[in-house]
Amino acid sequence: MSIKVVWQYIKFLLRGSPAPEEESFGFITPGMLVLDVGANRGNYTKLFLSKGARVISVEPQKDCIAFLKLRLAFNNKVKIVPFGAGAQPGQQSFFLSNAD
């Protein structure tokens with residue numbers, strides 16, 4: 001795990017992050033299996049977990065995967081899948097922002 005990811009996590013703990021609007025996800029019930037495709041830093045994953053759901057978080061970016069592992073380390077209701085998702089099997093290139 002890189003120092004960059006640890007530093008991002010520390011900043012996240014200090015600053016927090018805007019929470020998704022919970023009202024839009026009233027249909028999620030305890031025990032439901034939810035996919036968070038493009039999980040990034042896990043804001044939606046945390047929301048789904050707070051509703052009692054089990055979550056599969058799909059994320060291809062290495063730094064985001066490391067961040068998710070830090071953020072969700074002690075939660076056994078989430079599975080982090082370190083890949084992207086697409087319409088067809090294969091590999092794709094994508095561009096990463098350098099914004100924090």
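Visitor: What does D63 count as at 30% relative accessibility?
Guide: At that value, D63 counts as partly exposed (buried is under 20% relative accessible area, exposed over 50%, partly exposed in between, with a 1.4 Å probe and protein chains only).

Visitor: What am I looking at here?
Guide: This is a predicted model, where local features need pLDDT of at least 70 and side-chain atom pairs count only at 80 or more, while totals for chains, interfaces and linings use all residues. Residues are numbered from 1 along each chain as its sequence is written, and side-chain values use heavy atoms, leaving out hydrogens and water.

Visitor: Back to D63. Which residue does D63 form a salt bridge with?
Guide: K4. The closest N and O atoms of D63 and K4 are 3.2 Å apart (a salt bridge is a side-chain nitrogen of Lys or Arg within 4 Å of a carboxyl oxygen of Asp or Glu).

Visitor: Where do D63 and K4 lie?
Guide: D63 is in helix 3 and K4 in helix 1 (helices are DSSP runs of H or I, at least four residues; strands are E, at least two; numbering starts at the N terminus). They are 59 residues apart, and the pair links distant parts of the chain.

Visitor: How many salt bridges does the count come to?
Guide: Two. K51 and E22 also meet in a salt bridge, at 3.7 Å from N to O. This pair too links distant parts of the chain, 29 residues apart. K51 sits in the loop between helix 2 and strand 2 (54-58), E22 in the loop between helix 1 and strand 1.

Visitor: What do K51 and E22 count as?
Guide: K51 counts as buried because its relative accessibility is 19%. E22, at 42%, is partly exposed.

Visitor: New topic. At what angle do helix 1 and helix 3 pack?
Guide: About 50°, with the axes 9 Å apart; helix 3 covers residues 62-71, and helix 1 covers residues 3-15. The two helices are therefore oblique to each other (under 35 degrees is roughly parallel, over 145 roughly antiparallel, 65 to 115 roughly perpendicular, the rest oblique). Axes are lines fitted to C-alpha atoms, for helices over the stretch in contact, and angles run from 0 to 180 degrees between N-to-C directions.

Visitor: What about the backbone at N40?
Guide: N40 has a positive phi of about 55° and is not a glycine. Most residues other than glycine have a negative phi.

Visitor: Where is N40?
Guide: In the loop between strand 1 (33-37) and helix 2 (43-50). N40 counts as partly exposed because its relative accessibility is 37%.
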